[in-house]
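Thanks for coming. I will take this model piece by piece, so please have the picture open while I talk.

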Amino acid sequence: MAVAPVLEVRDLTVDYGGESPLVAVDRVSLDVGPGEFLGVVGESACGKSTLMFAIAQLLMPPAEITGGSVRFKGHDLVHMKERQLRHLRWHDYSVVMQSAMNALNPVLTVAEQMRDAMKAHRRVPRKEIEARSTEMLRLVGIDPVHLHSYPHQLSGGMRQRAMIAMALLFTPDLIIMDEPTSALDVVAQRSLMVQIKELQSMLGFAVVFVTHDMSLVARFSDRIAIMYAAQLVEVGATGDVFAAPEHPYTEGLLKAFPSIYGPRRELTGIPGSPPDLRRPPAGCRFRPRCPYARNAEPELARLQEIVSPELLPIGDRLVACHRVQMLERAG
Amino acid sequence: MYPYVAAEEQVPEVRPEHHQSAVVGVLARVGTILATNRKAVAGLLLLLVFVVGAVFAPIIAPYPPDATLFVPTMGPSRAHLLGTTAFGQDIFSQLVWASRQTLMIGLIGGLAATVLAVLVGVTSAYFGGLTDHTLSVVTDVFLVLPALPLMIVIAAYEQGGGFWVLVAVIVITGWSYGARQIRPQAQSLRNRDFLTSARARGESSWYIILYELLPNMTSLILAIFLGAALYAVLAAAGLQFIGLGNPNDLSWGTMLYWAENQEALLTGSPLWVIAPGACIALLGAAVALLNYGVDEIGNPALRATRRKRGRRAGP
Amino acid sequence: MNGVPLLSAEGLTKHFSVGGMFGRKELHAVDGVDLEIGEREIVALVGESGSGKSTVARLLARLYMPTSGEIRFRGRALVSFRSRRDTLDYRGHVQVVFQDPYSSLNPVYPASHGVFRSLKLHQSGLTRNRRRETVERILGAVGLYPASELIRKFPYELSGGQRQRFGFAQALASRPQLILADEPVSMLDVSIRIGVLNLMSQLREREGVSFLYITHDIASARYVADRMLVMYAAHVVETGPVEAILANPKHPYTQLLLSAVPDPLAPVEVEGGAAAGEPPRVINPAPGCRFRWRCPLATDECAQVTPRLRPIGPGRMVACHVAEPDATDG
């Protein structure tokens, strides 16, 4: 990356302690450049939400970061004191949650919540609070008359937009979004995605967008990172990954989406299930479900059984797959 | 061909949104909790002491409880661990034998009140509509009825309430608390898909209530039973103490009655009062402690988690 | 369609009373829906949440009683199924699969409990051994192996996909002619969905079961269904063969829906934003088309007259005043 990345995550590891301990995020590294839209894609229990919470320093016990680093504009977030973090939060980076109804306070109006958010992070004169709130609502396409509405008076789509408006109050450099569209219907979803892209080009913030639906980010993200069983398995430019997936899981995922365009084909999905993270298997975690693993030569098979593949560069891509890496070395 | 990955390799919930697929083998879970929750273990042991005492009364009690054979109003001695009553009966033997009726009232009264509470609460929640309205009104009426005057009226009417009268009084005055607790939980379960699924496959309403709905409410029902049993013990003892029980019955409550009647505290046999009183209190404590354990089964949040370091949330 | 359809509905309507003691209002969940399902057919009922599609399923499953309208099973009106015997009979023929794999199985029993119970109710003559054999066979038919092990498992030991398959197993146990599948894959992981959708096709081929597949995901509807009904605000607005509708959607709502589906293969489109707006909650509605506030083509007639379904091509119907049949048809 030519320009300094806004977010640098290195070997981040998150443990869940408690009754059944497990590693929910296993040595994940990624970079996000200024103004970039990174999609983080994975199915349930892959660790993507935990990863987001860890990056935003929002983990609650029994989850905790047990390794690695998160550098935001050069600052190390993991070891920062709470006071310093508060200074950064909302001003430099903010978070949009999955369900606005859970994140918005039902007994406060939109204006009151925006005011609270602003006052919590900066001394902002009252006039400016009003001006900002109005401007932000306009920016996300909500009529400012709704400043005095309560969350339940807004539709689902509007609530999500209000969340985004709140996240933008201080025009941060990075917004982390955890499945912000999953409660919306298809049309509202599309609307919201377009809106986010427009805001991005206007204001220049970076976005990390977590979702289980690959096709949702296909048109909107610059780069895409695929997670499986607490690990990153593929990272690359969106168009490239969709056109020519390297990792067998990515390949399987892409083939699991029926399309309304093109001819009707029979799809197979990916039989089986992700491994139990409480007892993760040695070696490659995707092996039991991998169509290529069956025909692997003995040497490769042995490697797959024992060693968990590293995320290594293959051309412009990062791929964690022994077979692909072996082919790369040979070719 | 890859076979479906065997069940051991599945990933049960790491995702926070989905609730714990709850109680499997209720007894197994109950057993685990009771074994690890210190309060529940204490309660259970204490209760066991009383139960063993009641069951093995003939062996444990040195003398027949009613036998007025001894020197009255004696203090504790080797022959009479707790001394004797004003009538010359061995207090310790009385205590042991008396536990039977007290425990039975607790058990039967508690059970009957619970059954009625569950019946009303679940029927109300499951059928909704007019049934719900009617039963709710009935529940509220009984809830609001002044219990003590009612108890006194009923017991006095029967001229010395024997065992069954006491049980009846307890049930009449005690069932509505449980019904009120059961209804909301039954309502929240009512719309779960597995109940609709049972309807869709053709089950009758009664089958669904008894076999699909109730088994999911066992921890609450257990808690209600313990509460009702506690209420039964205390209410019965109270009624007997003020003389509304049958004074010829043998229970801790009637012991208190006679002790009071003979002014035990003034005449130098305080143990005659203290022993049954303490036993009632301890029995109550045992039941309350057990209730803690049951609460934990239903609400895992109460379980003490080892607090680990982590960042606090908030924008 | 030859002969009498397996299940048909005419003017199916369901209203719920909402609001407090005073000013009771009517929520129109389903209004005047006509549909037909034939043998060995997979019909998709597509709509967003609040469109009424789930209510239609429950009406057809006799879990709700319609406010008005008629449902016929093989020509016989459902209201004539009065006795308990009759109702049980109907349930044997028409079964349901639910959306949420985490709440559709009773957690205190093994997952196969529902399958066993269904057999007890609908094939009561079986001995214990035969029943167990039959359950294992059904588990195999829905892709649950090894059946002898999974038969003992509790829901919490199973994955979402496995639980849904148990849902299908219970539905199959009564040997139904029709299964109403209410969003059976929406809560499953993407990589698991295809397996369950394929299962529906296989069951249609091998066991001859018809499906009414209810979903908000048009792409999966296309994947598995022959015909499609599109619902909006309690009305059916378009029906027809799936490919024909996708190739040439006639109702403006269908067009909007198709343009909004996220799909990497979609041609690069110009995105005009805003048909923002959401499907309405239909409470005490006025006459007129319920899509008119979001429709770029709305006319005066649309505001006054509620459009009814009318033919617009071979096997196709649409409820819209401005939709035109293809000029080339003929």
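This is a predicted model: local features need pLDDT of at least 70, side-chain atom pairs count only at pLDDT 80 or more; totals for chains, interfaces and linings use all residues.

Residues are numbered from 1 along each chain as its sequence is written, while chains are lettered from A and ligands numbered from 1 in the order in which they are written.

Axes here are lines fitted to C-alpha atoms, for helices over the stretch in contact, and angles run from 0 to 180 degrees between N-to-C directions. Helices (H or I, at least four residues) and strands (E, at least two) are DSSP runs, numbered from the N terminus.

Which residues meet? From H7(A) they are Val186(A), Val187(A) and Arg190(A), and from H10(C) they are Leu256(C), Leu257(C) and Ala260(C). Contact means that C-beta atoms, placed from the backbone, lie within 7 Å. By class, this contact has five nonpolar residues, no polar ones and one charged. Nonpolar covers Ala, Val, Leu, Ile, Met, Phe, Trp, Tyr, Cys and Pro; charged covers Asp, Glu, Lys and Arg; the others, Gly among them, are polar.

Now the whole contact of chains A and C. It takes 33 residues from chain A and 33 residues from chain C. On the side of chain A that touches chain C, H7(A) gives the most, with six residues. That side has 16 nonpolar, twelve polar and five charged residues.

Next, a pair within chain B. H4(B), residues 91-127, and H5(B), residues 129-144, pack at about 150°, with axes 7 Å apart. That makes H4(B) roughly antiparallel to H5(B). Their contact divides into four nonpolar, six polar and one charged.

Last, the sheet in chain C. It is open, with four strands in the order E2-E1-E4-E5 and antiparallel pairing; strands pair if DSSP finds at least two bridges between them. E1(C), residues 7-18, and E4(C), residues 68-73, pair over five bridges. Leu7(C) has Phe73(C) as its bridge partner in E4(C). Helix H1 of chain C, residues 53-60, packs on the sheet and touches E1, E2 and E4 of chain C.

Terms used:
Two residues are in contact if their C-beta atoms, placed from the backbone, lie within 7 Å. Angles under 35 degrees count as roughly parallel, over 145 as roughly antiparallel, 65 to 115 as roughly perpendicular and the rest as oblique.
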